[in-house]
Amino acid sequence: MSETKAGGGSSRTTIFPGRTVHTLDPARPIASAVAVRDSRFLAVGDTDQLVATYGGTIDDTLADKVLLPGFVEAHSHRDTGGIWQFTYVGYEARRGPNGRLWPGCSTFDAVIERLREAERLLEDPDEPLLAWGLDPIFWPGDRLDRRHLDAVSTTRQIFVCHSNMHLATVNSALMEAEAINPDTAAAGVPKDGSGWPTGELQEFPAMALAGPAFRSFFGRQRSDDSVRLFGNAARNVGVTTLTDLGTSNLLDEAIVRQWTSLADDSSPLRVAMFHGALANAPDGDEACAAAMVDLKDRSTDRIRFGNVKLLLDGSIQGGTARLRWPGYHHGGPNGIWLIAPDQYAERLAPYHRAGLQVHTHANGDEAVDVLLDGLEQVQLAHPRPDHRHTVQHCQLTTPGQYRRMRALGMCANVFANHTWFWGDQHRDITVGPDRAARMNAARTALDLGVPLSIHSDSPVSPLGSLHVAWAAVNRLTPSGQVLGADERITVAEALHAITMGAAWQLRMEDEIGSITPQKFADCAVLEADPFEVDPAELRDVPVWGTMSGGVLHEGSPQTA
Amino acid sequence: MATKDMRLPLTVVGGYLGAGKTTLLNRLLADPDGQRIAVLVNDFGEIDIDGRLLDSATDDVLRLANGCICCTMADGFAETLDTVRGFANRIDRVVVEVSGVGQPHKVAQWGHSPGFSPDGTVVLVDPLSVRDRASDRYVGETILTQVSEADLVVISRTDVAGAAELEATEIWLSGVTDATVLRAPVPTGVLLGPLLRAVAGSGPSSSRGPGTGAATTPASRSDPTRVSDPEHVTISRRLAGPVTRTSIDTWTRARPSGVVRAKGLIRVNDRPDDRTVLQVCGSSSTVTVDGPWDGGDDAVVAIALPGTPRAALVKWLNLLG
């Protein structure tokens, strides 16, 4: 069969027929096949016409699948993969990146049994048992402590990190080894009636007392395996472009090389990397910006540099986001600043002037005020068209703020999954029913013309763009309520947000986000048509896997 | 010497933007009063080290000819403390810079990490702006918490603020914090206090009444407990032996106003084989056990603001027994 009918050269052309191809490209929204050459879409159309025009070979693997552009997760972290190196003991069932279903542990006994199983699999008696996902909120009035964990082992060290990653519970063997005892004076080490620490270690200074187990837990999330697992997790849910929002120190040459070498053409990974400049600009922001400009030139097709992350406040569920009047519904103090409001413009300016893309974490509406004031100041001093600086999370952003974002040329990446994972708590506890109904206002953002994406912040909530889209379309909470029906968006809008919307914010809209000739041949390969299923079942659309740069990556077989 | 396996004292320095943290840290590095200080900063950008003083530099660590080092915390706090542990035999103490909106008293909890002991929370305030800032919509609460949780508050910019402003600031501070309040510049030896190993060898023998264990004033410049500023009041005492826990409690509660620093290496009679460390930093006192007793003197040293009556300090130290 002819290989060279168009475009010349000797590259192979492959035609992939599908059941339906939703290109999300308004110039040709529906097709039945795609032609791929040199890792890119050559053309879309139907099989006969594509073969007649371009020749090539036909690959029928996806003939009964529905193809969409590969999903783009615009806010995720590398530990999405790395965390699965440890035993999951969370309350809700989750599926790991290798396909294993981890049932939820709804009782202390279930947690202990899960840990016992994991303990039996460890061969080296000196290797600590590391686990994650524990959430004491589900057992009000009762607290897992060292004695529960001692039932798993009295000799092996056990370190169980809680789901919020700010607390851990350890067993007596670990306490013995690290001299955590009645003499331990650190705050965050609660003690029982006998004067002994309970085994709970609260916040990082206390968690670090766990020594090698603590270091292993956080250190192993930087391993090569963690990067590979990140790719596997993405492939399983149809995501072809991920982001690493400030989790990797890009001033470290070894880390840069790790990403660029692991993400080769056989990998399902394409990642927009964001340098966490908040805590990691050791020679100041000007020097950091210059380093990021140099690094940008070392971008590959699969690993993109030139992005910076800043953070202004904390989280709403943690009580650390900065809220406008009237503050928290529960009456707690207003949250914390991670950058001084007076300093935000000064920190943003060097990156802005250098032409870099800056995404700033702002959950609360007061933090968004500071962000908008700072950006306005920087734009007046150093006008830069089409900067696309993005507000990450936008959870309480008001219509007035969205109007300013539009006027300033900003993008919104809205934390849509929150409605499902914390919606009931927001309604009842953190912000009350009215503000909860207005949270994560994707409808308002779109109506006011702000470029929109929606995200999971994985591993804060599980990676899965269809789930994020479902959350934005339905705004359902676990108690079965619709939280803010008027902020719901349509399936088409949600699918745009997780493809082209995200691509735009990453400055990759000419390369990913739709099935359009010349773009990378990245597809989400689905078993059902998300435009045809009941929108209430959008998150249940089975994912076969992905096509990444024209290479097929079937998802992990799901195992119990 | 009771210095074996001594933990490194860790002091945190915070305060809002413009409060003078960088000035203070640069001063500590330039004039460390004979102490080898590891200063941990968020970035090197504002650190101003005289080229003649610089001994060597890597991406994360600057080494100075006077024995001090300066590290960035870019790799994270736990990792930076690991780095510092690697220098432990070459430094005497650690001072950590906290960002302008950070909470120093929370960062101070890292002082409980293995190899370290918490040694106070110092917060700087700018007398020209702190009262306004404290009611700022965005950062008011942050600043009030910094100040109210501090052990020592240092009022900076005393060279530009007028006497009335300084006094008004002091009055305002007395309403929002229990911290001991000092005016800059504060000599390094006062701000950080003496080193525990100096305490262990405390006082020249000539100044001690043999067997009496009474508190005394250091008599000689060679005394390791001396502080470089003679206006501050320094008193030391060698104890006759282990003391009761009750006397420590009494001593803690009876701290006279004006005490900036006190340090002790002592034994308690219910744990005579352990080394008990007393540390007073302004308004806070900690009593910790950091290892087995390994000989040396039971001794305690106190430093107070100029004008503090010596008699009150002597009486205070004599409560231990």
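How are α8(A) and α9(A) oriented to each other? In this predicted model, the axes of helix α8 (residues 224–236) and helix α9 (residues 253–262) of chain A come within 10 Å and cross at roughly 40 degrees. Because angles under 35 degrees count as roughly parallel and those of 65 to 115 as roughly perpendicular, α8(A) and α9(A) are oblique to each other. The crossing of these two helices is right-handed. On the α8(A) side the contact involves A:D224, A:V227 and A:R228, which meet A:Q258, A:W259 and A:L262 of α9(A). By class, the residues of this contact comprise three nonpolar, one polar and two charged.

Helix α17 (residues 465–474) and helix α18 (residues 491–505) of chain A have axes 9 Å apart and pack at an angle of about 140 degrees. Since only angles over 145 degrees count as roughly antiparallel, α17(A) and α18(A) are likewise oblique to each other. The crossing of α17(A) with α18(A) is right-handed. From α17(A), the residues A:S465, A:V468, A:A469, A:A472 and A:V473 take part in the contact, and α18(A) contributes A:V491, A:A494, A:L495 and A:I498. Eight of the residues in the contact of α17(A) with α18(A) are nonpolar and one is polar, with no charged residues.

Chain A also contains an open sheet of eight strands with parallel pairing, in the order β6-β14-β15-β16-β17-β18-β19-β20. Strands β6 (71–72) and β20 (452–454) of chain A stand at the edges with a single partner strand each, so one side of each has no neighbour in the sheet. Within this sheet, β15 (residues 271–276) and β16 (residues 303–311) of chain A are paired in the parallel sense over five bridges. A:H275 lies opposite A:V308 in β16(A). Helix α10 (residues 285–296) of chain A lies across β15 and β16 of chain A and runs at about 155 degrees to β16(A).

Chain B has 10 helices and 14 strands. Of the 321 residues in chain B, 50% are buried. Among contacts in chain B with a separation of 6 or more, 72% are between residues 24 or more positions apart.

An open sheet of five strands in chain B has antiparallel pairing and the order β10-β14-β11-β12-β13. At its edges are β10 (233–239) and β13 of chain B, each of which pairs on one side only. On average, neighbouring strands of this sheet are turned by 15 degrees against each other, direction ignored. Strand β12 (residues 271–281) of chain B runs antiparallel to β13(B) and is joined to β13(B) by eight bridges. One of the residues involved is B:V277, whose bridge partner in β13(B) is B:T288. Helix α10 (residues 310–317) of chain B lies across β10 and β14 (298–304) of chain B, at about 25 degrees to β10(B).

The contact between the chains takes 27 residues from chain A and 23 residues from chain B. On the side of chain B that touches chain A, at least two residues each come from α2 (77–86), α5 (140–148) and β13 (284–292) of chain B. The edge strand β13(B) gives the most to this side, with three residues. The side of chain B that touches chain A is made up of 11 nonpolar, nine polar and three charged residues.

Note on methods:
Residues are numbered from 1 along each chain as its sequence is written. Chains are lettered from A and ligands numbered from 1 in the order in which they are written. This is a predicted model: local features need pLDDT of at least 70, side-chain atom pairs count only at pLDDT 80 or more; totals for chains, interfaces and linings use all residues. Two strands pair if DSSP finds at least two bridges between them. Helices (H or I, at least four residues) and strands (E, at least two) are DSSP runs, numbered from the N terminus. Two residues are in contact if their C-beta atoms, placed from the backbone, lie within 7 Å. Axes are lines fitted to C-alpha atoms, for helices over the stretch in contact, and angles run from 0 to 180 degrees between N-to-C directions. A residue is buried if 20 or more other C-beta atoms lie within 10 Å of its own, exposed if 12 or fewer, and partly exposed in between; C-beta atoms are placed from the backbone. Ala, Val, Leu, Ile, Met, Phe, Trp, Tyr, Cys and Pro count as nonpolar, Asp, Glu, Lys and Arg as charged, and the others, Gly among them, as polar. A crossing is left-handed if the near helix is turned anticlockwise from the far one by less than a right angle, and right-handed if clockwise.
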